[in-house]
Amino acid sequence: MTIAPIAPPTSDALLPVYRRQPVEIASGAGVRLFDADGRAYLDFTSGIAVNALGYGDPGFMDALRAATEAGLVHVSNLYSTAPARALAESLVAKSFAQSVFFCNSGAEANEGAFKFARRWARTTRGDAATEIIALRGSFHGRLFGSLAATDRPAYRAPFRPLAPGITIVERDLAAIEVALSGGTVAAVIAEPVQGEGGVRVLSAEFLRGLRELTRAHGVALIFDEVQCGLGRTGRLFAYEYAGVEPDMMTLAKPLAGGFPMGAVLLASHIAATIQPGDHATTFGGGPFVASVASYVLERLSDEDLLAHVRENGAWLGDQLASLSLRLATVRAVRGVGYLWGIDTTALAGTVVAKALDAGLLLCSAGNHTVRLLPPLVARRDELAEGLAILEDVLA
Ligand SMILES: Cc1ncc(COP(=O)(O)O)c(C=O)c1O
């Protein structure tokens, strides 16, 4: 069969909601992407924290082929399939959770968690406890519910009124205690490391305080690990560094190696209150994507890979700290593992554009914060290569 070539997309055929960089990516290998002219770019974005294994990983490519062998991509949630069950069992075995709901993105996972929190709170505490609290600096997605939990004024303003029943509170335990004491809150959602909001690592002490407060008030604690989970901090789950277990956790980005997949992990007491029909999605946890995700999860749980991220991530942090002492253009650096933010005097967009010209892909996390998200497989020499380009650009 001959397949007719597809005409290249014209720019006005794509809805202009993205400020795209002036480059068309054509292929990838390892930690590098190549444009249509064959120019190489060292990728410190990982498709915004998705491509943890880099590009063209041989094991991943084999897993893709193996996932098609049964001839199934999708069968609907009218039936169960072995790949979805296996993936859920593996996530449960590796975490605090007792069961898992699969969906297709991070925002969807968070909105699912909001519904599960309300179902649990209504069952255990009655009709009054419905409110969701999110934190200053948060990013939980851009759908109607998740946007209301996202503290980015520019993303929110054009779409007011936002979904009701969701409030942003300061990242301060006293302020959170006041919010919880009214008895109307069902859940608090927090990113253990706030990503889009400027790369802020919430301290272990703060997370422990949050756990104590939510437990004392009978409120569900949801950790959004869509960006910071699955190895990015050098632990499989970011909550591990604080020794604090949430009641629910949301995952997405790297879970299926680039195929859309989100997940809500639920502790047993929440799961026990969920009824058939409470939530659903057509594509969630299909056999192909679940099979690929099982492979990715095994790779990202590998203790050698996690130790590599912890060690090289600490080294990266040291290098960035000394870079900030050398350069007046850097105000601060924050981060952990392979997730770092650099506050710059210049606009982050300007730094990102100059780095692109110099062959390094970066993204921003706010107007004056540049974000580094290398693939988790990036070696120290590859990190050093990116740092050298970054230093030239910032100088
Ligand atoms: C912490 C966090 N939560 C949720 C989301 C939304 O995920 P998605 O874009 O898959 O809806 C993101 C995306 O950047 C994120 O970083």
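Helices (H or I, at least four residues) and strands (E, at least two) are taken here as DSSP runs, numbered from the N terminus. The model is a predicted one, in which local features need pLDDT of at least 70 and side-chain atom pairs count only at pLDDT 80 or more, while totals for chains, interfaces and linings use all residues. Residues are numbered from 1 along each chain as its sequence is written, and side-chain values use heavy atoms, with hydrogens and water left out.

In these terms the chain has 14 helices and 17 strands, and its C-alpha trace spans about 60 × 60 × 45 Å along the principal axes. The radius of gyration, taken over C-alpha atoms, is 21 Å, which agrees with the value near 21 Å for a compact globule of 395 residues (the globule rule being 2.2 Å times the number of residues to the power 0.38).

Most residues other than glycine have a negative phi, and most peptide bonds are trans. The peptide bond from Arg160 to Pro161 is cis, with omega near 0 degrees, and Pro161 lies in the loop between α6 (153-156) and β6 (166-169).

Around the ligand there are 13 residues, of which Gly106, Ala107, Asp224, Gln227 and Lys253 come nearest (a residue counts as near if one of its heavy atoms lies within 4 Å). Helix α4 (residues 106-125) gives the largest share of this shell, three residues. By class, the shell divides into three nonpolar residues (Ala, Val, Leu, Ile, Met, Phe, Trp, Tyr, Cys and Pro), four charged (Asp, Glu, Lys and Arg) and six polar (the others, Gly among them). Polar contacts (pairs of N or O atoms within 3.5 Å) include one of 2.9 Å between a polar backbone atom of Ala107 and an oxygen atom of the ligand. A polar side-chain atom of Gln227 lies 2.8 Å from a ligand oxygen atom, and for a side-chain N or O atom of Lys253 the distance to a ligand oxygen atom is 3.1 Å. The ligand taken alone exposes 390 Å², of which the protein buries 81% (accessible areas by the Shrake-Rupley method with a 1.4 Å probe).

The lining of the second largest pocket divides into 15 nonpolar, 13 polar and three charged residues, and α3 (82-94) and β4 (99-103) each supply at least two of its residues.

How values were computed
A polar contact is a pair of N or O atoms within 3.5 Å; within protein, one must be able to donate a hydrogen and the other to accept it, and residues adjacent in sequence count only if both atoms are side-chain atoms.
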